[in-house]
Number of protein chains: 2
Amino acid sequence: MASEETGADGERAATAVSGAPGRPVVGVVGAGQLARMMTPPAIELDLDLRLLAARADDSAAQVIPATMVGDERGLLDLQRFSDGLDVLTFDHEHVPTAHLHSLELAGITVRPGPHALPYATDKAVMRRGLHGAGVPVPRFAVIETPQQLPGAVEFVGGWPCVLKTARGGYDGKGVWLASSAAEASEVFQAGVPVVVEERVAFVRELAAVVARSPSGQAVAYPVVESVQRDGICVEVIAPAPGLADETAVAAQRLALDVATTVDVVGVLAVELFELADGSVLVNELAMRPHNTGHWTIDGATTSQFENHLRAVLDLPLGTPQALAPVAVMVNMLGGDLPDLHRALRHVLARDPGVRVHLYGKQVRPGRKIGHVTVIGDDLDDLRARARHAADYITGVIDE
Amino acid sequence: MASEETGADGERAATAVSGAPGRPVVGVVGAGQLARMMTPPAIELDLDLRLLAARADDSAAQVIPATMVGDERGLLDLQRFSDGLDVLTFDHEHVPTAHLHSLELAGITVRPGPHALPYATDKAVMRRGLHGAGVPVPRFAVIETPQQLPGAVEFVGGWPCVLKTARGGYDGKGVWLASSAAEASEVFQAGVPVVVEERVAFVRELAAVVARSPSGQAVAYPVVESVQRDGICVEVIAPAPGLADETAVAAQRLALDVATTVDVVGVLAVELFELADGSVLVNELAMRPHNTGHWTIDGATTSQFENHLRAVLDLPLGTPQALAPVAVMVNMLGGDLPDLHRALRHVLARDPGVRVHLYGKQVRPGRKIGHVTVIGDDLDDLRARARHAADYITGVIDE
């Protein structure tokens, strides 16, 4: 047992795992806010949560004692990190699939598995796989060269259309809405296949978050509306206001079908376009707790983070039931204010019911640095309160 | 910045405080389950939570990176630990008051302060102070020697009566219900003053938990019923079933009055006797998050742990509003089963709505090792579910 006494001068004590009998060991690759938000349920259920972090001051590394600093994309560090784990899971999708196959061959349990992850990391694999399985997606074509572009554009219905690099994009990066071949030239520079899609005339964006365990148990959270700005989720309303029951059920069924088809273990978020006729198309997939599920921390009996941990450990899942008729989550994106805590005081004083989540990240413009959630009955009131709190903490407003 | 890469073989990485601007620093003396349950809200609000633990594998030390292992009752370690803190607070009440006065003289902010803490650590101080302030308490006398016993017993109404050591008792220890001087002899062996009290014919035990900030803001949680067995709280029902509105309001007012009278900062739990006429008497005080408030983690918008941290930092307090009409919390006391996780799987499968909290403590008979909470509408249903979950995990039942 390692035990190291230190002062409170910035150094930390290296403490030992207490070794409670039967305590499951979960390793998370990546130390962003998603791993950080897995920490409270891990503490509550006494799970031994370990972290492979790129940097010692990453968001989750600040709060998880069992942190190994290493190369999240390097096989050697992944192997060292995996020693003693009951299951390996993820904060992000940047681990090379080949490494995960190597870990599985060495007997490590990887969830979600490398057979499923390409559906979240490669838009070409995802579009082809879902289309082949009969899941509704936008009309699309996958191409490799600019020479194939005219044919693909014609196939999806002509300009304007959407072009995406198959791999490497996130939060709006790697996606172009283009009206001509000239506007689309940049998409080929990444050197990966390009997905050309029809521009969908959607009425809004929805998301269906589900969790699925290896034994096949699954739960579906209420379908939410996701408000995007510049390709980044800025606001989530749970449940999606005015959503027709049949659309809600269809979206949940679709997400559960995708989870089964792709054999996801853990949380799967399915981002959807809602069309004018009430039908939905799949936009994107994520195989980890997702921004559209952050409201569940304060707004559901079991959060998406707890259900992700339960799922990857094959523990029975918790009810996704909402705690109030409406929840509104607003993201906080970095602005001009470097000191969030000063503003926090004002926000907590103004609204004793607002739930504030800060990720411990250095403020940089546009970076996700936290979120706020408010739950209750009155959507307009909740939205105004959540927006005010987020805007005040990030310095967008000062009163 | 300290950064130390280690394997996942039981050793931990020593990670550095990231130094987000303005992040408040809270030091907690003691590393039991109360400090452990302060961790989730500290993570959410990005508070720098540091710990002075007796042992590296204490309940909270397992989950808080910034842990210093040292002597919680030694002034030198307390001084070292206090360096750089914005406020010093407590998991337990075992720190010598003289040390806390020394720390205050050295400029450390201690909350609750050493002027208030004796009301929670010395039953003679508490009884005299509350009685002097007009707060209703059982009829009592404080004595020093067995020779004073007959007069004291006569003053409180005769045998049987209750005898308590003024200091050092907890969870039923240090308290005797005696019918004769012979039965009461042990109480004098501790060498501290003895409080002799009337045996109160109460109908049940209540608790009023409040939080109070240095600027005087205070919030009162719903008044709960606390079910005791052998002097240990085994079950809490929030709100207390069938409690008259006027009794509930009176109990909350009384707790707020006590908080002001004693000048508590942080959470104050007031344990009460409810009498047949609906009036209440103060039984005990605790100046920290309390077992009768654990239900607030899952059952209230702001938990007692979050409000304790907010109060000691003089951050505005969060609403204590309940999330459902009823919450039932049942403690788990150590039994024959050493492996709680095996039983956890069964309990989570049987009841997807139960909230289980394990404290990471080695199982010893009678030791508080966790609790479960269920919230909803139907008291009988909630109580049956919470009791079943707790009994199964501790091995009292096996189906």
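Colleague: How many helices and strands are there in chain A?

Modeller: Chain A has 11 helices and 17 strands. The model is a predicted one.

Colleague: What makes chain A agree with a compact globule?

Modeller: A compact globule of 399 residues would have a radius of gyration near 21 Å, and chain A has 21 Å, so the two agree. The C-alpha trace of chain A spans about 70 × 55 × 40 Å along its principal axes.

Colleague: How much of chain A counts as buried?

Modeller: Of its 399 residues, 55% do. As for contacts in chain A between residues at least 6 apart in sequence, 61% join residues at least 24 apart.

Colleague: Why is A:Leu130 called buried?

Modeller: A residue is buried if 20 or more other C-beta atoms lie within 10 Å of its own. A:Leu130 has 22 within that distance, and is therefore buried.

Colleague: Where does A:Leu130 lie, and with which residues is A:Leu130 in contact, leaving aside its neighbours within four places in sequence?

Modeller: A:Leu130 is part of helix H5 of chain A, residues 123-132. With those neighbours left aside, its contacts are A:Val135, A:Val137, A:Val258 and A:Val282. Contact here requires C-beta atoms within 7 Å. The C-alpha atoms of A:Leu130 and A:Ala116, which are 14 residues apart along the chain, are separated by 12 Å.

Colleague: Which residues have the most contacts inside the largest nonpolar core?

Modeller: They are A:Ala208 and B:Ala208, in a core of 224 residues. Leaving aside neighbours within four places in sequence, A:Ala208 is in contact with residues including A:Ala220, A:Val223, A:Leu254 and A:Val270. In general, nonpolar side chains tend to be buried together in soluble globular proteins.

Colleague: Which domains does the assignment give for chain A?

Modeller: The domain assignment gives domain 1 (25-110), domain 2 (139-198) and domain 3 (204-393).

Colleague: How do you know that domain 1 of chain A touches domain 3 of chain A?

Modeller: The contacts show it: 16 residues of domain 1 of chain A are in contact with 15 residues of domain 3 of chain A. On the domain 1 side, helix H1 (33-44) and strand S4 (87-90) of chain A are the elements that give two or more residues. The largest share of that side, 7 residues, comes from H1(A). The centres of these two domains, taken over C-alpha atoms, are 23 Å apart.

Colleague: How do the residues of the side of domain 1 of chain A that touches domain 3 of chain A divide?

Modeller: That side has 9 nonpolar, 4 polar and 3 charged residues.

Technical notes: Residues numbered from 1 in each chain as written. Chains lettered and ligands numbered in written order. Predicted model: local features only at pLDDT ≥ 70, side-chain atom pairs only at ≥ 80, totals over all residues. Buried ≥ 20, exposed ≤ 12 C-beta atoms within 10 Å, placed from the backbone. Contact = placed C-beta atoms within 7 Å. Core = buried A, V, L, I, M, F, W, Y, C linked by C-beta atoms within 7 Å. Domains from an automatic or database assignment. Nonpolar A, V, L, I, M, F, W, Y, C, P; charged D, E, K, R; others polar. Rg over C-alpha atoms; globule rule 2.2 N^0.38 Å.
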